[in-house]
Amino acid sequence: MTPRPTLQTRTLGTASPLTVSTLGLGCMGMSEFYGTTDEATATSTIHRALDLGVTLLDTADMYGPFTNERLVGSAVAGRRDEVQLATKFGNERLPDGTRIGINGRPEYVRAACDASLERLGVDHVDLYYQHRVDPDVPIEETVGAMAELVAAGKVRHLGLSEASSETIRRAHAVHPITALQTEYSLFTRDLEDTILPTIRDLGIGLVPYSPLGRGILTGTVTGATLEAGDSRRTAYFPRFQGEALERNLALVDAVRRLAEAKGITSGQLALAWVLAQGEDVVPIPGTRRIPYLEENVGAAAVRLDADDLAALDRAVPRDAVAGARYGDLSSIDD
């Protein structure tokens, strides 16, 4: 018998609202980027997530590339009515992994959606994101094509990822945007300056990816624990390199001490901090393994008071994190 779900729900967006579980599951690492993958283990993790009440599953066509959507689609076959599927287009890749670039052309939007639906094995996706903003295509044209997908019944709600405040406003004027997906954690807080106020002004929900700082905030990641094929070992992720990593691990140790005082893990404390930023925030921590999934879900039961939040601000000041979040920020819309 399936256990009763342990998670509550939150609603993303006001003009085009989508109700999902308090936290979702990022599925990217099940297929690429973070070392060895195993589809059977990943499928079991997705099934366990559904049993625990996780309903928002996040994938993208470029993960794999293309294999992650197939994995997610296969895993939810027969349980489609239990989930809200989110996928993305815009980071164009070839089957061999070659990166072509960012593509926001209307004809590509339509073709990418049809291909995603086929790989997922569904007749619609619940949340369709533009993965990265194409600087060569007006956002009005891209979102206009996305709106056509809503009218056709292929997509229920629209989202953007890593978009600037100006882009978000222009997009929202074409069609209601339900959610913005961008990086947000104790280690990445720059969106608090202008982007978070913008989406709250417009009634757009926030879906933070990497809410655990790509795993570093769990306290289990060091230079020695990363596999040879793990992309975090490369210069693309400066926070995991050399002296920057050592400085950042000292910050993680401060989080760990606070977590131990509360009888929880550092990862749970870091996730609880993200959840405490507002009822319009739904983080999507990624994992391939059931124990980590269960630990993440446990964070939803952690309540932080003003003293806890202040202690975390002191432990991890906004300007204390060493290194940029990406080695190349050229694809980030600013």
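Asn91 has its place in strand β6, which covers residues 91-93; strands (E, at least two residues) and helices (H or I, at least four) are DSSP runs numbered from the N terminus. The model is a predicted one, in which local features need pLDDT of at least 70 and side-chain atom pairs count only at pLDDT 80 or more, while totals for chains, interfaces and linings use all residues. Residues are numbered from 1 along each chain as its sequence is written, and side-chain values use heavy atoms, with hydrogens and water left out.

With a relative accessible area of 15%, Asn91 is buried; the term means under 20% relative accessible area, whereas exposed means over 50% and partly exposed lies in between (1.4 Å probe, protein chains only). Leaving aside neighbours within four places in sequence, Asn91 is in contact with Asp61, Met62, Gly101, Ile102, His131 and Arg132, contact being defined as heavy atoms within 4.5 Å. With one of these residues, His131, the side chain of Asn91 forms a polar contact of 3.5 Å. A polar contact is a pair of N or O atoms within 3.5 Å; within protein, one must be able to donate a hydrogen and the other to accept it, and residues adjacent in sequence count only if both atoms are side-chain atoms.

The peptide bond from Gly64 to Pro65 is cis, with omega near -5 degrees, and Pro65 is found in the loop between β4 (56-58) and α2. Phe66, in the loop between β4 and α2, has a positive phi of about 75 degrees although it is not a glycine. Phe66 counts as buried because its relative accessibility is 17%. Ser210, in the loop between β11 (205-209) and α7 (242-262), is a residue other than glycine with a positive phi, near 50 degrees. The relative accessibility of Ser210 is 14%, so this residue counts as buried.

The discussion now turns to helix packing. Two packed helices are described by the angle between their axes and the distance between the axes. Helix α2 (residues 67-76) packs with helix α3 (residues 106-120) at an angle of about 45 degrees, and their axes are 7 Å apart. Axes here are lines fitted to C-alpha atoms, for helices over the stretch in contact, and angles run from 0 to 180 degrees between N-to-C directions. Helices α2 and α3 are therefore oblique to each other; angles under 35 degrees count as roughly parallel, over 145 as roughly antiparallel, 65 to 115 as roughly perpendicular and the rest as oblique. From α2, Glu69, Arg70, Val72 and Gly73 meet Ser116, Arg119 and Leu120 of α3. By class, this contact has two nonpolar, two polar and three charged residues, where Ala, Val, Leu, Ile, Met, Phe, Trp, Tyr, Cys and Pro count as nonpolar, Asp, Glu, Lys and Arg as charged, and the others, Gly among them, as polar.

Helix α3 also holds Val109, which is buried because its relative accessible area is 0%. Beyond residues up to four places away in sequence, Val109 touches Phe89, Gly104, Tyr128, Thr142, Ala145, Met146 and Leu149. Phe89 is 20 residues from Val109 along the chain, and their C-alpha atoms are separated by 7.1 Å.

Ser266 lies in helix α8 (residues 266-275) and, at 7% relative accessibility, counts as buried. The side chain of Ser266 reaches the backbone oxygen of Thr218 at 2.9 Å, and one of its polar atoms lies 3.1 Å from the backbone oxygen of Leu217. The C-alpha atoms of Ser266 and Gly104 are separated by 38 Å.

For the protein chain as a whole, there are 10 helices and 11 strands, and 59% of the 334 residues count as buried. Along its principal axes the C-alpha trace spans about 50 × 50 × 40 Å.
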